[in-house]
Amino acid sequence: MIPDSRQMSYSRGEITTFVMPHMQNVLGDLFGGHLMALVDQAAAVAAIRHAGCAAVTASIDRVDFRHPIPVGALVTCYSSVDFVGNSSMDITVNVFAEDVRTGQRTHTHVAHAVFVAIDKDRRPKRVPRLVAETEEEKRRYDEACRYRAQNPRAR
Ligand SMILES: CC(C)(COP(=O)(O)OP(=O)(O)OC[C@H]1O[C@@H](n2cnc3c(N)ncnc32)[C@H](O)[C@@H]1OP(=O)(O)O)[C@@H](O)C(=O)NCCC(=O)NCCS
């Protein structure tokens, strides 16, 4: 049974992997397309947890590439559902690279995605309301609300 509402903290996602040689670009850093795939997977974790059912990528409308991630680094993507509509969920993914020799962590990427929950016939399905509890969660919710207002859906 899917509840009427879920706390923001319920659906937070995290995936970690090594940057392997087959994932590199010509400069020896993580290829942007692989980064996008990791972002999509991390966003899916949060979306599917919140929805409690299947959800699909509707858009990845922003990815800020702040720093390159070298081969051999650990890369971790943290995802959170920051806002929901009826069937859609706005998800932020923050990416960190870690140099395992020094332990130094760098915030390398920020991405925004929209996922849509679907039923067994692949039609959009209502998701639980989102409950922001902490000051930080309320800030993220307000920010996502403003982002939606400023970025109406492309059709
Ligand atoms: C995403 C999808 C389910 C939307 O279906 P649809 O019949 O167009 O849905 P609607 O127009 O009724 O919109 C449903 C919701 O999706 C949102 N939506 C639709 N297209 C969107 C887009 N491009 N970006 C952001 N949100 C979008 C709508 O705003 C709406 O949100 P709400 O329910 O919270 O108000 C459908 O377009 C689809 O299946 N796309 C392919 C998804 C896919 O293959 N992804 C990659 C593999 S996971």
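Okay, ground rules. What you see is a predicted model, where local features need pLDDT of at least 70, side-chain atom pairs count only at pLDDT 80 or more, and totals for chains, interfaces and linings use all residues. Residues are numbered from 1 along each chain as its sequence is written.

So, the overall build. The chain has 2 helices and 7 strands; those are DSSP runs numbered from the N terminus, helices being H or I with at least four residues and strands E with at least two. Reading from the N terminus, you get β-β-α-β-β-β-β-β-α. For 155 residues, a compact globule would have a radius of gyration near 15 Å, and the chain's 16 Å agrees with that. That radius is taken over C-alpha atoms, and the globule rule is 2.2 Å times the number of residues to the power 0.38.

Now the sheet. It's an open one of 5 strands, ordered E2-E4-E5-E6-E3, with antiparallel pairing; two strands pair if DSSP finds at least two bridges between them. Strand E2 (13-18) and E3 are at the edges with a single partner strand each, so one side of each has no neighbour in the sheet. Between E5 (residues 88-98) and E6 there are 11 bridges, and Glu 98 sits opposite Arg 105 in E6.

Both of the helices I'll mention pack on this sheet. Helix H1 (residues 32-51) touches E2, E3, strand E4 (74-84), E5 and E6, while helix H2 (residues 135-150) touches E4, E5 and E6. Touching here is about contact: C-beta atoms, placed from the backbone, within 7 Å.

Next, the ligand. Which residues come nearest to it? Of the 15 around it, they are Ser 59, Gly 85, Asn 86, Ser 87 and Ser 88; a residue is near if its C-beta atom, placed from the backbone, lies within 6 Å. Strand E3 (55-65) gives the largest share of the shell, 4 residues.

Last stop, Arg 122. This residue is in the loop between strand E6 (105-117) and strand E7 (129-131), and has a positive phi of about 65° despite not being a glycine. Is Arg 122 buried or exposed? Exposed, because Arg 122 has 10 C-beta neighbours inside 10 Å; the cut-offs within 10 Å are 20 or more other C-beta atoms for buried, 12 or fewer for exposed and partly exposed in between, with C-beta atoms placed from the backbone.

Key:
Contact = placed C-beta atoms within 7 Å. Axes fitted to C-alpha atoms, helices over the stretch in contact; angles between N-to-C directions.
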